Amino acid sequence: MTSEVTVGTGAGLDTADMVLNIGPQHPSTHGVLRLRLVLDGERVVSAEPIIGYMHRGAEKLFEVRDYRQIIMLANRHDWLSAFCNELGVVLAVERLMGIEVPERAVWLRTALAELNRVLNHLMFLGSYPLEIGAITPVFYAFRERETIQAVLEEASGGRMHYMYNRVGGLKEEVPAGWTGRARDAIDQVRRRMPDLDSLIRRNEIFLARTVGVGVLSAADAAAYGASGPVARASGLDLDLRRDEPYLAYGELSVPVVTRTAGDCHSRFEVLLDQVYVSLDLAQQCLERVDRLTGPVNVRLPKVVKAPEGHTYAWTENPLGVNGYYLVSRGEKTPWRLKLRTASYANVQALSTLLPGTLVPDLIAILGSMFFVVGDIDK
């Protein structure tokens, strides 16, 4: 015996909610995410993000790797922010071991972290408009990405997974004349950013798709533990670079970009304006590096062992607050290294944001939450 259910809208039709799976597929650069939606016609009744398709068990792998090997694994969970991921791990280990990093390395790290932030943001500034039908911005975004990418590749040897941080500093000194070339690259990008900016920020179609769509209130952002551009677009004025400075941020004035609307367009604008801020910060750091001499790392024993104890280091990663809880029993491997990733907290808010919206708006909201699925699944 079969039963027939008519799904539809309109006069005279019995309607039933439809369950629709979006994913698991690999949309753009975000990774493999699945959404389980209940739809009433074109409108979302409920949404459940289902994660775990990219889970590598990184936190358990850390426990059987020594501190040098962990860096290689850690820079992969948010593949758009690899330098900043490495940085959080080495900061935690250095804090536990009581290592003081040479001043030149501190300023170089800060400059490179800001350049990595620019790379991350440019990816989303190109891919987000692409997801809602604007093809042109991605070409401009990638032109700027390549300019900065060349500079990071010259210093580290890597394009995506830099492996440039080490416990106690950096892998090696930057090539001769590198800071000048890096400043030239920053100048080029700063000069050309208005091309991307004017193309999209006030575009009528883009405004129609994003203004007032996917509004995340400040209270909800705080309740879900959202951070970074997603939280600041809702009016949460939190940035660890200013509020709990690490590296050289305590000696820099860090302007924090915020908005209050909390919609898709605000999130995009925060990301766009943060690129200008990061370019300025990176330039200031490079000018300071030019005035400093000395080593960029400290000599370490052949086997690095952190003393018994625990510590928590957190950093303002491009997508938000990343925390690294390290527990050591005095061995060459950590007893526990727990990651608190920005994307995991930010994506939780989707279950609140999506109900009541239309399916086309769902795409606009999903893209504006700026997540990397590897950063969710770890």
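Trainee: Is Cys-285 buried or exposed?

Mentor: This is a predicted model. Buried means under 20% relative accessible area. Cys-285 has 0% relative accessibility, so it counts as buried. Cys-264 is also buried, with a relative accessible area of 0%.

Trainee: How many disulfides does the structure hold?

Mentor: A disulfide is a covalent bond between the sulfur atoms of two cysteines. The structure holds zero of them. Cys-285 is in no disulfide, and the nearest cysteine sulfur, which belongs to Cys-84, lies 12 Å away. The cut-off for a disulfide is a pair of sulfur atoms within 2.5 Å.

Trainee: How should I read strand S2, and which strand does S2 join?

Mentor: Start with burial. Strand S2 covers residues 33-40, and six of its eight residues are buried, so the strand is largely enclosed by the rest of the structure. Then look at pairing. S2 is joined by seven bridges to strand S3, residues 43-50, and the two run antiparallel. Within this pair, Leu-35 stands opposite Pro-49 in S3.

Trainee: What do S2 and S3 form, and what is the phi of Gly-41?

Mentor: They form a hairpin, with two residues between the strands. Gly-41 sits in the turn and has a positive phi of about 65 degrees.

Trainee: Where does Arg-159 lie, and which residues is Arg-159 in contact with?

Mentor: Arg-159 is in the loop between helix H5 (137-156) and strand S4 (165-166). At 38% relative accessibility, this residue counts as partly exposed. Neighbours within four places in sequence aside, Arg-159 contacts Glu-146, Gln-149 and Glu-153. Gln-149 is 10 residues from Arg-159 in sequence, and their C-alpha atoms are 6.5 Å apart in space.

Technical notes: Residues are numbered from 1 along each chain as its sequence is written. This is a predicted model: local features need pLDDT of at least 70, side-chain atom pairs count only at pLDDT 80 or more; totals for chains, interfaces and linings use all residues. Side-chain values use heavy atoms; hydrogens and water are left out. Helices (H or I, at least four residues) and strands (E, at least two) are DSSP runs, numbered from the N terminus. Buried means under 20% relative accessible area, exposed over 50%, partly exposed in between (1.4 Å probe, protein chains only). Contact means heavy atoms within 4.5 Å. Two strands pair if DSSP finds at least two bridges between them.
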